[in-house]
Amino acid sequence: MVAAGVDVFSDALRAQGVGVTDVEWRPPTIGSADDLTQLALDPRRAAANRVAVERVLASRSTLTDVRPATEVLGLTGRTLLHSGPPLTWETASGPMRGALIGACLFEGWADTPEAAEALLASGGVELDSCHHHRAVGPMAGVTSPSMWMWCLTDPTDGREAYSNLNEGLGKVLRMGAYGPEVIERLHWMTTVMGPVLQAAVRSRTEPLDVTGILAQMLQMGDEAHNRNRAGSLMTLRELSPSIVAVDAPKSDIAEVLRFIGGNEHFFLNLGMPSAKLAMDAVGSVPGSTMVTTLARNGTEFGIRTAGTGDRWFTAPANTPVGLFLGDYGPEDANPDIGDSAIMETYGIGGFCMAAAPAIVRFVGGTVPDALATTERMYQITLAESPAMQVPILGFRGAPTGIDVLKVARTGWLPQINTGMAGRVAGTGQVGAGLVQPPAACFEQAVAALAEESRAALV
């Protein structure tokens, strides 16, 4: 027999004449024992986490406008926003470089990909994280001044969050593609779809309740990250009467409706700023160990916590594992990229795979895997959302509020569902799969939170 743990078990076996080998074993943890002890014994932690969770659960999201980024984000000159923690052109991955090149072509700052690359390499374009501007963007997340943005508002306090409009799947800017068809589509979205959506949204008598759609999606088989079929259809149903009433050419109206109807991920860019609103509601809460941001830029994965405010903890991003399109394979996939992990930060997406067992057909795995993943996420979170419920689990609330301390104690990392961009700039999407943050992000967060705790309790 091999025994690990309390000596009483091995002593009892020895008393019965059984040979026993004792093994010194402890569950794997993240961070040092001293830092974990400091966090566990911090008298502020329980109350601080309760405040953080209450702020997340109290947040609501409504669609109130559609406007150009130059207006709502104050982007001036040659400035581009990107997903994840801050980066430079030198550290940008292939798909991020492709998206930045495409944005320069779209804005007319360069006439050729080579000229765009030279402009970016020279420092002629300022780069900044979407998260620093109350915005989020899927995959590369590149947002330029001329792009139109969804404007989401929390009616409880008037805060806003933003995201650009979803381009669809395949060869799209957010996946690092920048061919003529990509740029042409972006111009159409700017000159036709953006203004039509603006007129439609502004004509509604009541703002669109995006939080309500998110809750319904979980009842209809979506997990709201990599599966948005129900959410996109509900959004189309809600906006269609207003869209058809817009004073615009019939051909433009038809093309907008056709585009939305053929884009299963149309809702994703509404769900993401809704989750951003909820997590930004937390703000800085000294003593809290709750995660407020999970984000990736294709090179690094970054997290932020309520107890350490705007400070990023980063490490090299992992590469997703999943299913590939066409002839693409693992060697074609870029490391993890995108702000869409804000959905998991909020407690849905990969955390609610049990609500969308069909997601395994898109990202890989099995239905039992999906159920087990959600059950495991309850072990690393602080609360269950009364609004976001999982039908197959008896309408149990979604696991909400990732706790750094619980992640560190269990060694279980948050589960993320994600798309996969091609490693080479210009490729586009190559598949979809599952990924987790690097443990090093949480190791850094544990150390920083413990340092803050020691300083505060002196």
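## Ser-129

In this predicted model, Ser-129 belongs to strand β5, which covers residues 126-129. Because its relative accessible area is 0%, and buried means under 20%, Ser-129 counts as buried.

A polar atom of the Ser-129 side chain lies 3.2 Å from the backbone nitrogen of His-131. When residues up to four places away in sequence are not counted, Ser-129 touches Leu-81, His-82, Gly-84, Pro-86 and Trp-312.

## Ala-161

Strand β8, made up of residues 160-164, is where Ala-161 is found, and with a relative accessibility of 1% this residue is buried. Setting aside neighbours within four places in sequence, the contacts of Ala-161 include Arg-134, Trp-150, Cys-151 and Leu-152, and Pro-273, Lys-276 and Leu-277 are also in contact with Ala-161.

How far apart in space are Ala-161 and Trp-188, C-alpha to C-alpha? The distance is 24 Å, while in sequence Ala-161 and Trp-188 are 27 residues apart.

## Asp-222

Asp-222 lies in a loop, between helix α8 (210-219) and helix α9 (229-244). Is Asp-222 buried or exposed? Asp-222 is buried, because its relative accessible area is 0%.

The side chain of Asp-222 has a polar atom 3.0 Å from the backbone nitrogen of Gly-231. Gly-231 is also among the residues in contact with Asp-222 once neighbours within four places in sequence are left aside, and others among them are Met-217, Arg-227, Asn-228, Arg-229 and Ala-230, together with Ala-355 and Ala-356.

How values were computed: Residues numbered from 1 in each chain as written. Predicted model: local features only at pLDDT ≥ 70, side-chain atom pairs only at ≥ 80, totals over all residues. Heavy atoms only, no water. Helix = DSSP H or I, 4+ residues; strand = E, 2+ residues; numbered from the N terminus. Buried < 20%, exposed > 50% of the residue type's maximum accessible area, 1.4 Å probe, protein only. Polar contact = N/O pair within 3.5 Å; in protein donor to acceptor, adjacent residues only side chain to side chain. Contact = heavy atoms within 4.5 Å.
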